[in-house]
Amino acid sequence: MSNNPLTLAAVVSNTDPAHLPGPEPVTGKHVTLERLSQNHFPDLYESVGSHADLWTWWPDEPLNTASEFDDYLNELLKFRTDDLGVYAVIPLSGPNKGKAAGLAFALSEDRLTNRVAELGLFFGPQLQRTRAGTEVVYLLGGLLFELNHRRLQWKTNSLNLQSRKAAERYGFVYEGTLRQDQINKGRNRDSSWYSIIDSEWPICGKAFEKWLEDGNFDDQQRQRSRIQEIRANLT
């Protein structure tokens, strides 16, 4: 028998379950997240459903008509309602003020045991590379950690470089790639996994807040400091 003592991981003292966000809207300075309803369908078809290029990395094929898109969203409304919160993302300013410009997903199927949540985004062009889009991650991430999750996941096709760069920009840590993880649309998918854990969120959250401040943008709304730089200066 070896004389070397076993090294065990830290005891988890917080054994309370995590919770899925409630039905109420989640509102920031630049965006509101409303639980998806049929009232959002027309705007979402215009912002997401009618843009076939946005579906390249989405697991489902693009829809050909507004009616087909409505059917798709209606199925989504019925899917795993106990574990999945689906939000319409509504900008509070700009040309798309008050219109649903994308979708956000908070999945919490493992909240009663390991307290793991997953974040998913499906943004139209109006939200990409905007303060409103970044605030979505800040709002949902912060809420999920407030609701006692200890891990927030981001999973993406390893070939989706835009998604991978976004995860790293937001502060998610790359953990590895699962080879031949899925078959999507008849093609192989290797899945890259990222996460933020609860001990990392205070710095990540503060970096979001500082990046979103008005003073971080010039008159042309160009950022003065990247969120990665702000986060690095906080550590």
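Modeller: First, the ground rules. This is a predicted model, where local features need pLDDT of at least 70 and side-chain atom pairs count only at pLDDT 80 or more, while totals for chains, interfaces and linings use all residues. Residues are numbered from 1 along each chain as its sequence is written, and side-chain values use heavy atoms, with hydrogens and water left out.

Biologist: What does the secondary structure come to?

Modeller: Six helices and eight strands. Helices (H or I, at least four residues) and strands (E, at least two) are DSSP runs, numbered from the N terminus. From that end, the order is β-β-α-α-β-β-β-α-β-α-β-β-α-α.

Biologist: How many of the residues count as buried?

Modeller: 43% of the 235. Buried means under 20% relative accessible area, exposed over 50%, and partly exposed in between (1.4 Å probe, protein chains only).

Biologist: Switching to H4. Which residues are buried there?

Modeller: H4 covers residues 161–170, and its buried residues are Ser163, Arg164, Ala166, Ala167 and Tyr170. They sit on the same side of H4, because their arc around the axis is only 160 degrees. The arc is that of the directions from the helix axis to the C-beta atoms.

Biologist: Which residues are exposed on the other side of H4?

Modeller: Leu161 and Lys165.

Biologist: What do the buried ones pack against?

Modeller: Helices H3 (131–146), H5 (201–212) and H6 (227–234), plus strands E6 (151–157), E7 (173–184) and E8 (187–197). Contact means heavy atoms within 4.5 Å.

Biologist: What follows H4?

Modeller: Gly171, with a positive phi near 110 degrees.

Biologist: Now H1. Which of its residues are buried?

Modeller: In H1 (residues 41–49) they are Phe41, Leu44, Ser47, Val48 and Gly49. Their arc is only 150 degrees around the axis, so they are on the same side of H1. Among the elements covering them are helix H2 (66–78), strand E4 (102–110) and strand E5 (116–123).

Biologist: Last one: what share of the contacts is between residues 24 or more positions apart?

Modeller: 63% of the contacts with a separation of 6 or more.
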